Amino acid sequence: MSTSKSNIFHSFGLALQEALDRTGVTPAWLSREVGKDKGQISKYINGKSTPKRITQLELLKPLPFTVNKDGKNWVLEEAPSDEVNETQTVYSSKDSDDSSVQLKDFFEDISKVEKLYTEALKNKNLSEDEKKLQIELIEKKINALIKSKLGREK
């Protein structure tokens, strides 16, 4: 990595090279990452041409830096860190089987509550206030189901 602390450069290419150096990667790596010709990237780095803004953004996407023009100079800055980093989780077939069983049980429980709801609405022996009370109780059952099965409240 480069030991240069400067963040101001006379060309986009110099700023790009510094970003590569600070990240510890090569122009060939960048070429593979973004699908751009390494000869063209070399022209950018050597100042023979300056890419369009969209290409600049494509070149910087896999790097933890931004490069912006400020008057005649180019400014290299660390990219904002508020981006969500992708994480990879490895699941086994047992995890999938367990999840399937849990979901099946959950949907069966929901079906039972739905049946109670339908019966409450169709029951001609209940007054409107009693139906409201039944529906409130059913809503509480649904909330309890969600909390117990999914670990969160409605």
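A residue counts as buried when its relative accessible area is under 20%, as exposed when the value is over 50%, and as partly exposed in between. The legends below apply these words to a predicted model.

Figure 1. Of its 154 residues, 22% count as buried. The accessible surface comes to about 11,700 Å², and 51% of that surface belongs to carbon and sulfur atoms. When contacts between residues at least 6 apart in sequence are considered, 46% of them join residues that are at least 24 apart.

**Figure 2. Helix α1 and the elements that surround its buried residues.** Helix α1 is made of twelve residues, numbered 12-23, and spans 16 Å from its first C-alpha to its last, which is close to the 16 Å expected at 1.5 Å a residue. The buried residues of this helix are Phe 12, Gly 13, Ala 15, Leu 16, Glu 18, Ala 19, Leu 20 and Arg 22. These buried residues pack against strand β1 (8-9), against the helices α2 (27-34), α3 (38-45) and α4 (53-60), and against the strands β2 (65-70) and β3 (73-78). Just after the helix, Gly 24 takes a positive phi of about 85°.

Figure 3. Which two side chains meet here in a salt bridge? They are those of Arg 22 and Glu 18, with a distance of 2.9 Å from N to O. Because Arg 22 and Glu 18 are four residues apart in helix α1, about one helical turn separates them. An α-helix has 3.6 residues a turn, so residues three or four places apart point the same way. Are the two partners buried or exposed? Glu 18 has a relative accessibility of 6% and therefore counts as buried, and Arg 22, at 19%, also falls under the 20% limit and so counts as buried.

**Figure 4. A salt bridge between a loop and helix α4.** The count of salt bridges in the model comes to two, and the one shown in this view joins the side chains of Lys 36 and Glu 58 at 2.8 Å from N to O. This pair links distant parts of the chain, since Lys 36 sits in the loop between α2 and α3 while Glu 58 belongs to helix α4, 22 residues apart. Side chains of opposite charge can pair when their charged atoms come close. Lys 36 has a relative accessible area of 28% and is therefore partly exposed, and Glu 58, at 34% relative accessibility, likewise counts as partly exposed.

Figure 5. Leaving out residues up to four places away in sequence, Ser 31 touches Lys 36, Asp 37, Lys 38 and Ile 41. Lys 36, one of these contacts, is also the residue that meets Glu 58 in the salt bridge of the previous view.

**Figure 6. Val 67 and Asn 68 in strand β2.** Val 67 has its place in strand β2, and Asn 68 lies in that strand as well. Val 67 is buried, with a relative accessible area of 0%, whereas Asn 68 is partly exposed at 30%. Apart from neighbours within four places in sequence, Val 67 is in contact with Phe 12, Ala 15, Arg 53, Leu 60, Trp 74, Val 75 and Leu 76. The C-alpha atoms of Val 67 and Ala 19 are separated by 8.8 Å, although these residues are 48 apart along the chain. With residues up to four places away again left out, Asn 68 touches Arg 53, Asn 73, Trp 74, Val 75 and Glu 77. The side chains of Asn 68 and Arg 53 are joined by a polar contact of 2.7 Å. Between the C-alpha atoms of Asn 68 and Leu 57, eleven residues apart along the chain, the separation is 9.8 Å.

Figure 7. Tyr 117, Leu 121 and Ile 135 together make a nonpolar surface patch of about 230 Å². Tyr 117 is found in helix α5, which covers residues 93-122, and at 36% relative accessibility this tyrosine counts as partly exposed.

Conventions
Residues numbered from 1 in each chain as written. Predicted model: local features only at pLDDT ≥ 70, side-chain atom pairs only at ≥ 80, totals over all residues. Heavy atoms only, no water. Helix = DSSP H or I, 4+ residues; strand = E, 2+ residues; numbered from the N terminus. Expected span 1.5 Å × (residues − 1). Buried < 20%, exposed > 50% of the residue type's maximum accessible area, 1.4 Å probe, protein only. Contact = heavy atoms within 4.5 Å. Areas by Shrake-Rupley, 256 points an atom, 1.4 Å probe, with all protein chains shown as cover. Polar contact = N/O pair within 3.5 Å; in protein donor to acceptor, adjacent residues only side chain to side chain. Patch = residues over 30% accessible without salt bridge, like charges linked within 9 Å, V, L, I, M, F, W, Y side chains within 5 Å. Salt bridge = Lys/Arg side-chain N within 4 Å of Asp/Glu carboxyl O.
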